[in-house]
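Let's take a walk through this protein together, stopping at a few places worth a look. Please open the structure and keep the sequence at hand.

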Amino acid sequence: MASGDDFKRRLTILGSTGSIGTNTLDVVERLGGRDRFAIAALTGNGNIPLLAEQARRVGAELAVTADEHRYGELREALSGSGIDVAAGRSGLIEAAERDAGWVMAAIVGNAGLGPTLAAARRGADIALANKECLVSAGSLFIEAVSAGGGRLLPVDSEHNAIFQVLENDQRHAVERIVLTASGGPFRTSTLDEMRHVTADTARAHPNWSMGLKISIDSASMFNKALEMIEARHLFRLKPDQIEVIVHPQSVIHSMVGYTDGSVLAQLGCPDMRTAIGYALSYPERCRLPVERLDFARLARLDFEAPDEVRFPALRLARRAMEEGGVQGAVLNGAKETALEAFIKGRVGFLAMAEIVERVMDALAGLPAAANMDDVFAADEKARRAAAEMIR
Ligand code: NDP
């Protein structure tokens, strides 16, 4: 490390080429860029040109592609830069283990679990966008973070909202949390209409600009299902303390209800940079040029109860929480497999929830995970069972 870098905060961004990753780099640049921060590592998967461009722009020490076959391409793109290059699973772990005090976990899906765990175990503060870590590994992941000694800073907008309004010394007085959901592009569609939608229509989120998979998960409300399980572990809640309300404007990002009847909410325009900025500057608040809420223009906020017939994912999340064990990992592994099949046009939109439910039925009663190997094994079993059903 150059001596001028001694006073800089060292950061790593896992998944820097994605929607959260690019927003994180935007926030880093707005908060001082290379004057204040040193980037230990950036990781991506298929988008090598963007990864190389980012690494050169921010002066990263290490750039990693998860795709081993793209190692040569990345090395070529970074030749002469002095930036270290690695690839594959071991490369991701190397990135996570580089000395950086703050790590953004923004790899999509269960692929993010291993590298995020590696960063947590060495004591980094984890800015957690990747909800799958908590859905699959639950309390084992929380234990790994606390054993490492770092902080867990929620980035998912709903969990970041709760983190902002949860009074830590009043946790005993928390009655419930209310996760808001936009309702996605099919909020008013009939079941029959939903039967025929494609990945292109499902990815068109009304309020948020996000990666492909989370956008489709928002349309099926599997994203909200994952968030329910995430919230349960993150805030140590019972399943019946977690409510979901459809709020089409996505202005209230979530709420906490207390025993005295008060409800505290966090509001803002739908822009992930607010949550990312909070996780980066916590416990301070930073200055960000995101759009400000104009209440007069907004005029109204709407709410409606979610429809669990059209969106069975919510019911499946509650079931996974109540059954416990490894059902979170099973739900997520089956969902990721069904989602891939939907994106490829191999199964219909509504079939995704049917597949997940059948896999949960087939694997019900698996014992609770004693360690991370059990989590990965449950994930693998769920993927195999789902793939078999799809075939
Ligand atoms: P994107 O699809 O936009 O980006 C995903 C990132 O992961 C990219 O850097 C991608 O690389 C990389 N990646 C893809 N596959 C693999 C793999 N197999 N191994 C390692 N890296 C891989 O996703 P988002 O940024 O939208 O979401 C990231 C995570 O954050 C998800 O877990 C999502 O649920 C969560 N989240 C996202 C929000 C959002 O607003 N986008 C909001 C709240 C949570 P490349 O692009 O180079 O292929």
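How much space lies in the largest cavity? About 50 Å³. Keep in mind that this is a predicted model, and that the cavity count, taken at 30 Å³ or more, comes to 1.

The largest cavity is lined by Ser157, Asn160, Gln164, Trp208, His253, Gln266, Asp271, Met272, Thr274 and Ala275. Sorted by class, the lining has 6 polar residues, 3 nonpolar ones and 1 charged one. Because Asp counts as charged, you can pick out Asp271 in the list of lining residues.

From helix H13, move on to the loop between H13 and H14, where Pro283 is found. Have a look at the backbone here: a cis peptide bond joins Tyr282 and Pro283, with omega at about 5°.

Next comes a surface feature. Leu267, Phe295, Leu301 and Phe303 make a nonpolar surface patch of about 350 Å². To place one of these residues, follow the chain to the loop between helix H14 (295-298) and helix H15 (313-323), which holds Phe303. Is Phe303 buried, exposed or partly exposed? Phe303 has a relative accessible area of 42%, so it is partly exposed.

The loop between helix H11 (212-220) and helix H12 (222-234) contains Met221. Although Met221 is not a glycine, its phi is positive, at about 65°. Is Met221 buried or exposed? With a relative accessible area of 3%, Met221 is buried, since the cut-off for that word is under 20%.

The other spot is Ser250, which you will find in the loop between strand E9 (242-246) and strand E10 (252-258). Ser250 is a residue other than glycine with a positive phi, near 50°. The relative accessible area of Ser250 is 6%, so this residue is buried.

Notes. Residues are numbered from 1 along each chain as its sequence is written. This is a predicted model: local features need pLDDT of at least 70, side-chain atom pairs count only at pLDDT 80 or more; totals for chains, interfaces and linings use all residues. Side-chain values use heavy atoms; hydrogens and water are left out. Patches are made of residues with over 30% relative accessible area and no salt bridge: like charges are joined within 9 Å, nonpolar side chains (Val, Leu, Ile, Met, Phe, Trp, Tyr) within 5 Å. Accessible areas come from the Shrake-Rupley method with a 1.4 Å probe; for residues, only the protein chains shown count as cover. A salt bridge is a side-chain nitrogen of Lys or Arg within 4 Å of a carboxyl oxygen of Asp or Glu. Helices (H or I, at least four residues) and strands (E, at least two) are DSSP runs, numbered from the N terminus. Buried means under 20% relative accessible area, exposed over 50%, partly exposed in between (1.4 Å probe, protein chains only). On a 1 Å grid over the protein atoms alone, a cavity is a set of points where a 1.4 Å probe fits but cannot get out, and a pocket is an open set with protein on both sides within 12 Å along at least five of seven lines; lining residues have an atom within 4 Å of a point. Grid points are joined across faces, edges and corners, and a volume is the space filled by probe spheres set on the points.
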